[in-house]
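Biologist: Could you walk me through this one? I am new to reading structures, so please take it slowly.

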Amino acid sequence: RLARAQVPGADPADWYGVSPLSDTRPLRGPAEEVAVSPSRVGLFGQCPLRWLLESVGGTPGESGGQSLGSLVHAVASEVPEAGAAQLRARLDERWPELGFAPGWIGDAARRRAEDMVLKLAEYSRRAAAEGRELVAVEQDFTVAVGRARLRGRVDRLERDAAGRLVVVDLKTGRAKPRRDELDRHAQLGVYQLAAERGGFEGQPAGAGGAALVQLGTGERGVAVQAQAPLAEDPEPRWVEELLASTADGMAAGTFDAVVGPHCRTCPVRSSCPVQEEGRSVVDPEPGGAA
């Protein structure tokens, strides 16, 4: 009666979550290639629904911490083998780009940025002492592995004493994975697979490991979290198997919401049917699909 009386919002046809699915087909056909970003493989394994929503724009704007990290990455790519003094000088030149007003917030951010570039200088010295040569920075790659088309960019590409490629990912956040998670760290493993399959143009195929270089943690020195070469892993095909299941999952027609610690910082909670904030997207009928 309210709907017939033209009361706004009364017609159930206008309510969230009650419309039928517009399309039940999978995102990709069984023979179609699937574009896969190495940095998103771990996210998909964590929660397929979050991956889907973020991949179509469900992400917040860049935060101050992310802007700071972007600036440090830019400095690292411009003077990748510089010492501490040159890195700080380049940071001085680019610091106004962040637009911090004078005060303690800007001062704290500046100290944090200086600490990160000092750690970068320390890492460069260590890598050279261990016999690794810097091959490229901000290096793009693409390679097909099964139905997955891997595309990405690595912060640093190095070559070890045996001539193998080592992929280095610079991390400017405060968190880092546990030691027991490194052997199966999805992003590092996919980077290695790309190197093994000749994904880096102009470089010979072969992977000598990969590493996360932690610049943003509160530790005094730089922390390097290394993953051993895939050929030395007791299950050397684990990345291929993970990538195959991930590509099939990304091409599917349904995506599960998985509850876990990651939910605390999820940017798409309001669209998740298993969260209180996302109840509006749930079919109200018993047994209905989310």
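This is a predicted model: local features need pLDDT of at least 70, side-chain atom pairs count only at pLDDT 80 or more; totals for chains, interfaces and linings use all residues.

Biologist: Let's start with helices, then: at what angle do helix 1 and helix 6 pack?

Modeller: Helix 1, which covers residues 38-46, and helix 6, which covers residues 186-196, pack at an angle of about 140 degrees, and their axes are 7 Å apart. That angle makes helix 1 oblique to helix 6, because only angles over 145 degrees would count as roughly antiparallel.

Biologist: And which residues make the contact?

Modeller: On the side of helix 1 the contact is made by Pro 38, Ser 39, Val 41 and Gly 42, while helix 6 brings Ala 186, Gln 187, Val 190 and Tyr 191. Sorted by class, this contact between helix 1 and helix 6 has 5 nonpolar and 3 polar residues, with no charged residues.

Biologist: Is the crossing of helix 1 and helix 6 left-handed or right-handed?

Modeller: Helix 1 passes helix 6 in a right-handed crossing.

Biologist: Changing topic, how many salt bridges are there in the whole structure?

Modeller: A search of the whole structure finds 31 salt bridges. As background, side chains of opposite charge can pair when their charged atoms come close.

Biologist: Which side chain does Arg 147 meet in a salt bridge?

Modeller: The side chain of Arg 147 meets that of Asp 248, with 3.0 Å from N to O. This pair links distant parts of the chain, since Arg 147 sits in the loop between strand 2 (133-145) and strand 3 (148-159), whereas Asp 248 belongs to helix 7 (residues 238-250), 101 residues apart. Arg 147 counts as partly exposed at 22% relative accessibility, and Asp 248 is also partly exposed, with a relative accessible area of 42%.

Biologist: What about Glu 232, what does it pair with?

Modeller: Glu 232 forms a salt bridge with Arg 164, and their closest N and O atoms are 3.9 Å apart. Glu 232 lies in the loop between strand 6 (223-227) and helix 7, and Arg 164 lies in the loop between strand 3 and strand 4 (165-171), so the pair ties together parts that are 68 residues apart in sequence.

Biologist: Is Glu 232 buried or exposed?

Modeller: Glu 232 counts as exposed, at 54% relative accessibility, whereas Arg 164 counts as partly exposed at 30%.

Biologist: OK, now Arg 110: why does it count as buried?

Modeller: Arg 110 counts as buried because its relative accessibility is 18%, and buried means under 20%. Arg 110 is found in helix 5 (residues 104-129), and, leaving aside neighbours within four places in sequence, Arg 110 is in contact with Arg 88, Leu 91, Asp 92 and Trp 95.

Biologist: And what does Arg 149 touch?

Modeller: Arg 149 lies in strand 3 and counts as partly exposed at 22% relative accessibility. Not counting residues up to four places away in sequence, Arg 149 touches Glu 33, Val 34, Ala 35, Val 36, Thr 142, Val 143 and Ala 144. The C-alpha atoms of Arg 149 and Ala 35 are separated by 4.8 Å, although these residues are 114 residues apart along the chain.

How values were computed: Residues are numbered from 1 along each chain as its sequence is written. Side-chain values use heavy atoms; hydrogens and water are left out. Axes are lines fitted to C-alpha atoms, for helices over the stretch in contact, and angles run from 0 to 180 degrees between N-to-C directions. Helices (H or I, at least four residues) and strands (E, at least two) are DSSP runs, numbered from the N terminus. Angles under 35 degrees count as roughly parallel, over 145 as roughly antiparallel, 65 to 115 as roughly perpendicular and the rest as oblique. A crossing is left-handed if the near helix is turned anticlockwise from the far one by less than a right angle, and right-handed if clockwise. Contact means heavy atoms within 4.5 Å. Ala, Val, Leu, Ile, Met, Phe, Trp, Tyr, Cys and Pro count as nonpolar, Asp, Glu, Lys and Arg as charged, and the others, Gly among them, as polar. Buried means under 20% relative accessible area, exposed over 50%, partly exposed in between (1.4 Å probe, protein chains only). A salt bridge is a side-chain nitrogen of Lys or Arg within 4 Å of a carboxyl oxygen of Asp or Glu.
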